[in-house]
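Here is a short report on the model shown below. It covers charged side chains and nonpolar packing.

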Amino acid sequence: MDDVTTTRRTLPLRIIGHAAMRLLEALMLAWVTWFVVDAVLLAGSEDPGATASAWMHFVKNAAWEFWEHLILVRDPAVRGGAWWLVLACLAVVSFKRYRPSIARLLEGPSENHS
(Lines give C-alpha, C1' and ligand atoms only; values in the text may rest on other atoms or scores of the structure.)
Protein backbone atom coordinates (compact mmCIF):
# COMPACT_ATOMS: atom_id res chain seq x y z
CA MET A 1 0.00 0.00 0.00
CA ASP A 2 1.11 3.51 -0.76
CA ASP A 3 1.41 6.04 1.95
CA VAL A 4 -0.87 8.93 0.99
CA THR A 5 0.59 12.20 2.10
CA THR A 6 -1.78 15.08 2.53
CA THR A 7 -0.24 18.49 2.43
CA ARG A 8 -1.77 21.12 4.62
CA ARG A 9 -1.94 24.49 3.03
CA THR A 10 -1.25 27.48 5.17
CA LEU A 11 -3.90 30.15 5.63
CA PRO A 12 -2.23 32.73 3.32
CA LEU A 13 -1.87 30.07 0.60
CA ARG A 14 -5.54 29.13 0.95
CA ILE A 15 -6.58 32.78 0.73
CA ILE A 16 -4.41 33.31 -2.37
CA GLY A 17 -5.86 30.16 -3.92
CA HIS A 18 -9.44 31.29 -3.29
CA ALA A 19 -8.70 34.77 -4.63
CA ALA A 20 -7.03 33.37 -7.76
CA MET A 21 -9.97 31.07 -8.48
CA ARG A 22 -12.51 33.87 -8.02
CA LEU A 23 -10.46 36.12 -10.32
CA LEU A 24 -10.28 33.43 -13.01
CA GLU A 25 -14.02 32.80 -12.71
CA ALA A 26 -14.69 36.54 -12.95
CA LEU A 27 -12.52 36.92 -16.05
CA MET A 28 -14.28 34.01 -17.76
CA LEU A 29 -17.75 35.28 -16.80
CA ALA A 30 -16.84 38.77 -18.04
CA TRP A 31 -15.55 37.31 -21.31
CA VAL A 32 -18.76 35.35 -21.88
CA THR A 33 -20.88 38.38 -20.90
CA TRP A 34 -18.88 40.57 -23.28
CA PHE A 35 -19.46 38.15 -26.14
CA VAL A 36 -23.19 37.75 -25.44
CA VAL A 37 -23.73 41.52 -25.25
CA ASP A 38 -21.62 42.00 -28.38
CA ALA A 39 -23.66 39.35 -30.24
CA VAL A 40 -26.96 40.90 -29.07
CA LEU A 41 -25.86 44.35 -30.19
CA LEU A 42 -24.69 42.89 -33.49
CA ALA A 43 -28.09 41.21 -33.95
CA GLY A 44 -29.74 44.62 -33.66
CA SER A 45 -27.46 46.25 -36.20
CA GLU A 46 -28.57 47.49 -39.60
CA ASP A 47 -26.31 45.07 -41.49
CA PRO A 48 -28.44 42.11 -42.70
CA GLY A 49 -25.45 39.75 -42.88
CA ALA A 50 -24.15 40.72 -39.46
CA THR A 51 -25.68 37.75 -37.67
CA ALA A 52 -25.01 35.25 -40.45
CA SER A 53 -22.37 33.46 -38.42
CA ALA A 54 -22.15 34.10 -34.70
CA TRP A 55 -19.29 31.60 -34.50
CA MET A 56 -17.22 33.46 -37.10
CA HIS A 57 -17.95 36.71 -35.29
CA PHE A 58 -16.71 35.11 -32.08
CA VAL A 59 -13.55 33.82 -33.73
CA LYS A 60 -12.78 37.05 -35.57
CA ASN A 61 -13.85 39.60 -32.99
CA ALA A 62 -15.05 38.67 -29.53
CA ALA A 63 -12.37 36.09 -28.73
CA TRP A 64 -9.71 38.80 -28.73
CA GLU A 65 -11.65 42.04 -28.32
CA PHE A 66 -12.38 41.66 -24.60
CA TRP A 67 -8.73 41.03 -23.68
CA GLU A 68 -7.67 43.84 -25.98
CA HIS A 69 -10.02 46.25 -24.20
CA LEU A 70 -8.68 45.18 -20.79
CA ILE A 71 -5.04 45.89 -21.58
CA LEU A 72 -4.19 47.30 -25.01
CA VAL A 73 -6.75 50.04 -25.65
CA ARG A 74 -5.24 53.40 -24.74
CA ASP A 75 -8.55 55.11 -23.93
CA PRO A 76 -8.87 55.01 -20.12
CA ALA A 77 -12.68 55.14 -20.28
CA VAL A 78 -12.86 52.06 -22.50
CA ARG A 79 -10.26 50.18 -20.47
CA GLY A 80 -11.96 51.24 -17.25
CA GLY A 81 -15.32 49.99 -18.50
CA ALA A 82 -13.86 46.57 -19.28
CA TRP A 83 -12.29 46.38 -15.82
CA TRP A 84 -15.57 47.47 -14.19
CA LEU A 85 -17.22 44.52 -15.95
CA VAL A 86 -14.57 42.21 -14.48
CA LEU A 87 -15.11 43.75 -11.04
CA ALA A 88 -18.88 43.27 -11.31
CA CYS A 89 -18.37 39.65 -12.36
CA LEU A 90 -15.96 39.18 -9.45
CA ALA A 91 -18.68 40.40 -7.09
CA VAL A 92 -21.17 37.96 -8.64
CA VAL A 93 -18.90 34.90 -8.48
CA SER A 94 -17.67 35.75 -4.98
CA PHE A 95 -21.21 36.22 -3.71
CA LYS A 96 -22.26 32.94 -5.34
CA ARG A 97 -19.32 31.09 -3.80
CA TYR A 98 -19.43 32.59 -0.31
CA ARG A 99 -23.19 33.15 0.09
CA PRO A 100 -23.78 30.12 2.38
CA SER A 101 -20.90 31.15 4.66
CA ILE A 102 -22.07 34.77 4.78
CA ALA A 103 -25.64 33.66 5.49
CA ARG A 104 -24.49 31.40 8.35
CA LEU A 105 -22.43 34.25 9.77
CA LEU A 106 -25.22 36.82 9.55
CA GLU A 107 -28.29 34.68 10.23
CA GLY A 108 -26.87 31.97 12.44
CA PRO A 109 -26.91 28.23 11.81
CA SER A 110 -30.03 26.88 10.15
CA GLU A 111 -31.10 23.64 8.49
CA ASN A 112 -32.27 25.53 5.38
CA HIS A 113 -28.83 26.83 4.32
CA SER A 114 -27.05 24.74 1.74
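A salt bridge is a side-chain nitrogen of Lys or Arg within 4 Å of a carboxyl oxygen of Asp or Glu. The structure holds 1 salt bridge. This is a predicted model, in which local features need pLDDT of at least 70, side-chain atom pairs count only at pLDDT 80 or more, and totals for chains, interfaces and linings use all residues. Residues are numbered from 1 along each chain as its sequence is written, and side-chain values use heavy atoms, with hydrogens and water left out.

Arg22 pairs with Glu25 in a salt bridge, with the closest N and O atoms 3.0 Å apart. Both residues lie in helix α1, 3 residues apart, about one turn of the helix. Helices here are DSSP runs (H or I, at least four residues), numbered from the N terminus.

Buried means under 20% relative accessible area, exposed over 50%, and partly exposed in between (1.4 Å probe, protein chains only).

| Residue | Relative accessible area | Class |
|---|---|---|
| Arg22 | 9% | buried |
| Glu25 | 31% | partly exposed |
| Glu65 | 15% | buried |

Glu65 sits in helix α2 (residues 54-71). Beyond its neighbours within four places in sequence, Glu65 contacts Trp34 and Asp38. Contact means heavy atoms within 4.5 Å.

Now the core. A nonpolar core is a set of buried Ala, Val, Leu, Ile, Met, Phe, Trp, Tyr and Cys residues joined through side-chain atoms within 4.5 Å. The largest one has 10 residues, including Trp34, Phe66 and Val86. Helices α1 (11-43), α2 and α3 (76-107) each supply at least two of its residues. Not counting residues up to four places away in sequence, Phe66 touches Leu27, Ala30, Trp31, Trp34, Leu85 and Val86.
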